[in-house]
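Biologist: I would like to learn how to read some side-chain and helix features from coordinates. Could we take them one at a time?
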Amino acid sequence: MREVYCALDRLIAYAHEKLGLSQRNEAYVRNTLLDLVGLESYEETGQTYDGRSVSVLLKELVTACEKANLPAAENAERLTDSVMGALMLSPEAVEEAFAAHMAISSAEATEWLYSYCVLSDYVKKEKLDANPRFTAENGLIVTINRAKPEFRDPKKAVSGNSVKGGYPKCTICRTNEGYFGRNKRTLRTVSLELDGERWFWQFSPYGYFHEHGIAVNEKHIPMHVDRSTFVKLMQFVDMFPHYFIGCNAPLPRIGGSVLAHDHFQGGGETLPLHRAPVSVALRHPDFPDLEAGVLDWPGTVVRITGQDAQRIADLSEIVREAWCSYSDAARGIVSENKDGVHSAVSPTVVRTERGYEMNIILRNNITSERYPDGVFHAHPEFHVIKKESIGLIEAQGLFILPGRLVEELADLEALLVSGGELPERYADYAMIFGELKEMSASFTAETAHEAVKKELASVCERILENTAVFKTQAETAQFMIEKAGFIHD
């Protein structure tokens, strides 16, 4: 059993160094770990922390348990999650430490919490850093997520984020903190107050961008967007001005998969949408203190900018109400029918020297016989690249593509170099492969790779165009003028 004892002692030394384990609690924690691995004895080994990552230390523990024929090794993920949960500070202690850092600055507080979540192995940063990612010439960011499964069926995406049995009520309820059934022993959250309501913040274990996290309503109530949503978003960036924060449209197929629980997404990265300029300047005669306009963006987005959060919330609500009641048969826009509501907005806000910048993305999830997955969704010719919902993050220009593309695109690159024909199993790539071949008469490994990246970015831009409810900025401006009371600036 010595290898097991050594592995446990190295993890305890790591916890002293990185996780705030006190000397007073060491014996208690060690006994907890012995229980987790299924041992009733212990011999001191004198092991110290040698600087290796926690993932390496955890693998050593699992291997040692396997060699010792300990049953705990049969479920390695649960074992490692439970071990790290025991080594960490308690939720209350994390909250207290976060508050102490907040007294210095919110940026320091979020940096500390994110680092702690990485050190505790809740945020799987090593896996995230291994995901392919690039910023394209068109400004979009393209990533391939090898850490999570692809959900091509929206119903399966929703079921993948549900919890059967009623406890916790869903995957983002605060009662998940420490819940063994979903390997959440290492989850730690911190409390927020938004527009007089109790919320909390947590980081995503498989985030899509720097310090990706979610703000969650403590009450398990359905996602919705109203005036209070705009207020909450701006209050969040008041607390954390170094973050953006946004809300998915509360609609199936185009919104987030956890529609049953009110929540936002945000983090510490400037996304492409935030850098997009206004192409058509507008103003509202009742709000002369606010700037507005239609963005130069493939999707349909309007921006409202100003210093007064309550005024911005009022004007944003005018835009939301105008859009949610608008139908246009010629454009295929149906706001509501026998199947329910189909129009919603997806707001996202940042703080700049100009004040709050509230970007309001107009979304619609109506389907048709031609587009059964959604008229304003990625069209079928692009499903080989992206069939999953185009939610808040993609709508802002950061695309999360399925892990299978790593192998499939490598095969396409090899075919470009060899001059080979597309095999039958890749028939769905016919259009894309044809566009790739048109880029050059001959390819090297390097030029083929660059061509594939360029094509991916082009496909992602065209998917955003598919999601646009108005196909030109001029049409969007006309809607804002006719239905929401704006005028040209």
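Modeller: Start with a charge over a ring: NZ of Lys or CZ of Arg has to be within 6 Å of the ring centre and within 35 degrees of the ring normal. Note that this is a predicted model. Here R425 lies over the face of Y426, at 4.8 Å from the ring centre.

Biologist: Over which ring does the charged end of K453 sit?

Modeller: Over the ring of F134, with 5.0 Å to its centre.

Biologist: Back to R425: with which residue does its side chain form a salt bridge?

Modeller: The general idea is that side chains of opposite charge can pair when their charged atoms come close. In this model R425 meets D411 in a salt bridge, at 3.9 Å from N to O. The two are 14 residues apart, with D411 in helix 13 (405–418) and R425 in the loop between helix 13 and helix 14 (430–437). The cut-off for exposed is over 50% relative accessible area. R425 has 64% relative accessibility, so it counts as exposed. D411, at 25%, counts as partly exposed.

Biologist: How many salt bridges does the count come to?

Modeller: The count comes to 31 salt bridges. One of them joins the side chains of D9 and R30, at 3.8 Å from N to O. This pair links distant parts of the chain: D9 is in helix 1 and R30 is in helix 2, 21 residues apart.

Biologist: Are D9 and R30 buried or exposed?

Modeller: Buried means under 20% relative accessible area. D9 has 7%, so it is buried. R30 has 14% and is therefore buried.

Biologist: Which residue forms a salt bridge with D314?

Modeller: The partner of D314 is R227, and their closest N and O atoms are 2.7 Å apart. Because D314 lies in helix 11 and R227 in helix 9 (residues 227–239), the pair ties together parts that are 87 residues apart in sequence. D314 is partly exposed, at 31% relative accessibility. R227 is also partly exposed, with a relative accessible area of 28%. Salt bridges can also share partners: R10, D50, R52 and E60 are joined into one network in this way.

Biologist: Now the aromatic rings. How many aromatic pairs are there?

Modeller: A pair of aromatic rings is described by the distance of the centres and the angle of the planes. The count comes to 20 aromatic pairs. F180 has a relative accessible area of 43%, so it is partly exposed.

Biologist: What are the distance and the angle for the rings of Y326 and F479?

Modeller: Their centres are 5.1 Å apart and their planes are at 70°, so the pair is edge-to-face. It links distant parts of the chain, 153 residues apart: Y326 is in the loop between helix 11 (309–324) and strand 11 (336–337), and F479 is in helix 16 (residues 473–484). Y326 and F479 are both buried.

Biologist: Which residues form one aromatic cluster?

Modeller: The cluster is made of Y114, W201, F203, F236, F240 and Y243.

Biologist: What does S343 touch?

Modeller: Leaving out residues up to four places away in sequence, S343 touches L251, W323, C324, Y326, V334, S335, R363 and N364. With N364 there is a polar contact between the side chains, at 2.8 Å. S343 is found in strand 13 (residues 343–352), and its relative accessible area is 3%, so it is buried.

Biologist: Last, the helices. What span does helix 1 reach?

Modeller: The span runs from the first C-alpha to the last. Helix 1 has 18 residues and reaches 24 Å, close to the 26 Å expected at 1.5 Å a residue. Because 13 of its 18 residues are buried, helix 1 is largely enclosed by the rest of the structure. Just after helix 1, G20 takes a positive phi of about 80°.

Biologist: And which residues of helix 3 are buried?

Modeller: The buried residues of helix 3 are V54, S55, L57, L58, L61, V62, A64 and C65. Their cover includes helix 1 (2–19), helix 2 (26–37), helix 4 (76–87), helix 6 (106–119) and helix 7 (125–129). Helix 3 (residues 54–67) has 14 residues and reaches 20 Å, close to the 20 Å expected.

How values were computed
Residues are numbered from 1 along each chain as its sequence is written. Side-chain values use heavy atoms; hydrogens and water are left out. Helices (H or I, at least four residues) and strands (E, at least two) are DSSP runs, numbered from the N terminus. The expected span of a helix is 1.5 Å times one less than its number of residues. Buried means under 20% relative accessible area, exposed over 50%, partly exposed in between (1.4 Å probe, protein chains only). Contact means heavy atoms within 4.5 Å. Rings of Phe, Tyr and Trp (its six-membered ring) pair if their centres lie within 6.5 Å; planes under 30 degrees apart count as stacked, over 60 as edge-to-face and the rest as tilted. A polar contact is a pair of N or O atoms within 3.5 Å; within protein, one must be able to donate a hydrogen and the other to accept it, and residues adjacent in sequence count only if both atoms are side-chain atoms. A salt bridge is a side-chain nitrogen of Lys or Arg within 4 Å of a carboxyl oxygen of Asp or Glu.
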